[in-house]
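Have the viewer open as you read.

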Amino acid sequence: MKNMNAIKLPKLLTRTLYTTVMCSLPLLGITNAYASQVSAPLKVTLSPSDPTWQLAINNKLLGPTEVLIEPTERGFARQVQPLLQEGKYQEVAALFKSRDINSDSTALNLLRAQVLLTLKEFNSAEAAYLACLKSTPDLVKAHQGLSLLYMQQANYTKAQTHLVHSIELGQADAQSYAQLAYIHVQHSQPWSAVAAYRQALMLEPETAQYQQGLLFALIESGDLSQANALLKELLNKTPDNAELWLQRAQIALQLEHNKQALSAIEVVLKLNPKDTSNQLLAAQLHLSEGSSKRAVSLLKQGLKHATKAQQTDVINTTMQTLGWLVSQQQWDLAKELIRSAKRLTKRLPNEEQAQFSVYSAQLAMQQGNSKRAVKSLNNALKINPNLGDALLSLASIYRDKNQLTQAKLMYVRAQALPKYQLSAWLGLSQIAIDSKNYPEALKHLKKAYQANPQRQDLITNIRALENIVRQEG
């Protein structure tokens with residue numbers, strides 16, 4: 001493609017005053033903001049895994065360490081015992097409905113609460129637990145049960161109150177500390193979460209759930225050196241754990257070690273070769289590291305295998321990549337990507353359909369197919385009449401064909417768009433020079449300089465045109 005950024009001065013001045021005026025025309029690529037969006041550091045965002053806390057129902061109602069049931073309740077206890085052993089909790093709950101919660105003993109209400117919590121009947125379970133605490137305020141199992149109940153409802157403040165109380169009462173086991181750590185994570189208190197997870201691991205050092213919880217908390221707290229050390233240990237134990245490799249990539253990205261992050265994501269792709277979201281992450285990283293060919297290969301796979309829910313993300317990344325490839329004039333790769341993406345473009349929003357038409361037109365221009373380029377650009381302008389990229393591209397085609405009236409019309413439309421004013425003024429100035437209308441060329445060039453005083457290179461051209469205007473007097 002010819003350089004559309006150069007102002008060609010009249011031949012009589014070329015020996016001493018010819019200057020090439022460079023500007024970043026959108027028709028040659030993407031805007032600076034768009035390019036920085038492509039090459040900006042990426043972050044793999046991982047959500048904490050929801051722990052599956054095991055709720056044990058204590059069926060030994062008459063155990064020596066439990067609160068004893070009343071003698072009048074023993075018949076009911078014998079009735080529900082086999083149902084509990086068989087896991088028929090719905091039937092147990094139905095039997096409890098015939099009993100007055102205010103008349104039952106603490107032990108029986110505790111069993112009622114545990115059964116109802118297992119069935120996720122949260123309101124009734126809460127009432128039963130609170131009835132227990134009304135009669136026995138320091139009943140550990142009631143505080144522990146309420147903490148589990150509130151956690152399942154995502155009411156972490158209430159859960160923390162009862163969990164801390166149960167720990168203070170002596171229930172300082174690994175699961176309690178891990179639950180407390182998880183609550184700290186939900187409250188965005190990573191350092192407290194780290195301390196609680198470490199307490200849990202002191203008691204149960206081999207529990208993978210607690211190890212991964214600690215890893216997440218360390219990453220969130222910013223202690224990346226400790227996170228890295230733990231991550232290496234976990235990967236040695238489970239080298240096929242894709243989530244751990246993703247977390248390794250996250251740490252590397254936060255440390256701006258993009259190559260290490262890329263290596264980690266490539267391992268994830270080997271473990272899950274058809275995972276579209278990871279293909280997109282890898283594609284963006286490869287693009288930022290200059291591996292455009294691999295990025296395009298991954299995007300083509302993503303375009304081929306993406307589900308309907310993933311297609312928006314795939315197309316958005318594809319559009320960013322296309323913009324980058326066009327800006328870098330990597331036309332062979334742009335051609336591959338355009339072909340692969342074409343079948344999905346009808347699902348794009350109108351604005352993106354228009355931009356895709358512009359990229360297709362720019363490729364056609366590079367291939368010397370101006371007819372196809374004009375058709376694509378006009379299609380883009382039907383969708384968005386103020387698409388600056390399309391206006392400038394059409395203007396350059398018309399100028400190449402010496403159809404200066406049509407080219408001028410495109411530049412005039414483009415100069416109304418602030419982002420494209422400089423390119424439009426330079427284009428209008430060049431058309432005026434080609435038409436030997438030097439006062440008109442000078443007018444547009446002065447506009448360009450007044451709006452962009454940092455462009456000192458324009459001054460030489462302005463002075464040259466002023467000399468011509470004076471000579472023509």
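## Helices α23 and α24

In this predicted model, helix α23 (residues 421–434) and helix α24 (residues 438–451) have axes that come within 7 Å and cross at roughly 160°. Angles over 145 degrees count as roughly antiparallel, so α23 and α24 are roughly antiparallel to each other. The crossing in which α23 passes α24 is left-handed.

Which residues meet here? From α23 come L422, W425, L426, L428, S429, A432 and I433, and from α24 come Y438, E440, A441, H444, L445, K447, A448 and A451. Sorted by class, the residues of the contact of α23 with α24 are 11 nonpolar, two polar and two charged.

## Helices α11 and α12

Now for the other pair. Helix α11 covers residues 208–221 and helix α12 covers residues 224–237; their axes come within 8 Å and cross at roughly 150°. That angle makes α11 roughly antiparallel to α12. As for handedness, α11 and α12 have a left-handed crossing.

On the α11 side, the contact is made by Q211, Q212, L214, L215, L218 and I219. The α12 side supplies L224, Q226, A227, L230, L231, L234 and K237. How does the contact of α11 with α12 divide by class, and how many residues are charged? There are nine nonpolar, three polar and one charged residues.

Technical notes: Residues numbered from 1 in each chain as written. Predicted model: local features only at pLDDT ≥ 70, side-chain atom pairs only at ≥ 80, totals over all residues. Heavy atoms only, no water. Axes fitted to C-alpha atoms, helices over the stretch in contact; angles between N-to-C directions. Helix = DSSP H or I, 4+ residues; strand = E, 2+ residues; numbered from the N terminus. Parallel < 35°, antiparallel > 145°, perpendicular 65-115°, else oblique. Left-handed = near helix turned anticlockwise from the far one by under 90°. Contact = heavy atoms within 4.5 Å. Nonpolar A, V, L, I, M, F, W, Y, C, P; charged D, E, K, R; others polar.
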